[in-house]
Amino acid sequence: MLVTALTLAACGGREPAAPVTATVDADTSVAKGGPPDPVVPVVWPLTGVAVEEVAVRPALAVKIENAPQARPQTGLESADVVWEEVVEGGITRFVAVYHSQTPELVGPVRSVRPMDPAIVAPLHGVLVYTGGQEPFTDAVDAAGIQSVVMDDGDDGFETTRARRAPHNVYGRVADLWEQADDERTSPPPAQLVHAREPGRGTATVAGAPAARLDVELTFASRAVWEWAGEQGAYLRSEGDEPAVSADGARLAATNVVLVSATMVDTRFTDPAGAPVPETQLVGSGDAVVASGGKQVVATWSKGAVDAPLVLTGADGAPVELEPGTTWIELVPIGSGSWAIG
């Protein structure tokens, strides 16, 4: 056929047509005319850690207590992301987000607070808590978050005689996940930007040394993170006391993010009469990202309640975290501070 076509073209006085190159997918033996597309690894969306297959389940966020009576907590070491927030009385609580790991129990589980919708809404998942004041629970509903609540009679909660109420409520993770409705995003959307390869995070590559992060959240709450190179993680202490889980494992994070944010008093009080504060997360401010024993200064921004937290470097590029777990410290402007050494 090729000979015939060329003969006809010559008889008609036309130039022969240019040869046509066949194209196939990059994973075959015939190239497209350029290098094959890079293979993008499958990763857990909340940690960036490579995996062969991502579990099709939504993010499960659990309110976990951090008062001295609640320590050591159960299941914090298995969370993909942990947010630490200031609540009333100078204590803090955690929003622990689970997806890649499935601990049997988590807790102690406590009640919802005003800033929780802004933390959880971008996940399009489930928030687990014991209860809360009606305006706070209404705000969770308005943000499109599904709640699993002990006070509403939902399944998945149990109590222990080893601790006094209200520090004795725990959640059975499998039962909590089972209650997720069909409107949840499964798996959850990625929230933070992670480097594609370990050791290539922004702070690790270009940061200043940061062997110790001393974070004063309130007059009564201080988190200290110390770099352990042999473990490739920051180890947490509550003040001067090493923070451990109920099974004795040291609480650790691959990345620690410090977020400086405005904290305001609400018109609400807790049962003891203490004012309930709210950390305002829609907006922007200063931040520090620590990974690999180093840190970079950044800016955080969040455009809406259901928008994820964005971390931007001084060069205007997204800050890439190391693949792994992340703890985010919400540090109140004015009353809180941090020191890095």
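Predicted model: local features only at pLDDT ≥ 70, side-chain atom pairs only at ≥ 80, totals over all residues.
Residues are numbered from 1 along each chain as its sequence is written, and side-chain values use heavy atoms, with hydrogens and water left out. Local features need pLDDT of at least 70 and side-chain atom pairs pLDDT 80 or more, while totals for chains, interfaces and linings use all residues.

**View 1. Strand 5 (residues 126-129) is covered on both faces.** Val126 and Val128 sit on one side, Leu127 and Tyr129 on the other, and all are buried (under 20% relative accessible area with a 1.4 Å probe, protein chains only). Strands here are DSSP E runs of at least two residues, helices H or I runs of at least four, numbered from the N terminus.

**View 2. Strand 5 has parallel partners in strand 1 and strand 6.** Strands pair when DSSP finds at least two bridges between them. Strand 1 (residues 60-65) joins through three bridges, with Leu60 partnering Val126. Strand 6 (residues 146-149) pairs over four bridges, and Val128 stands opposite Val148.

**View 3. Strands 16 and 17 make a hairpin.** Residues 263-269 and 275-279 pair antiparallel over four bridges, and Thr269 faces Pro275. Five residues lie between the strands, and Gly273 in the turn has a positive phi of about 90°.

**View 4. Two pockets, by lining class.** For the largest pocket, the lining has six nonpolar, five polar and six charged residues. Nonpolar covers Ala, Val, Leu, Ile, Met, Phe, Trp, Tyr, Cys and Pro; charged is Asp, Glu, Lys and Arg; the others, Gly among them, are polar.

How values were computed:
Buried < 20%, exposed > 50% of the residue type's maximum accessible area, 1.4 Å probe, protein only.
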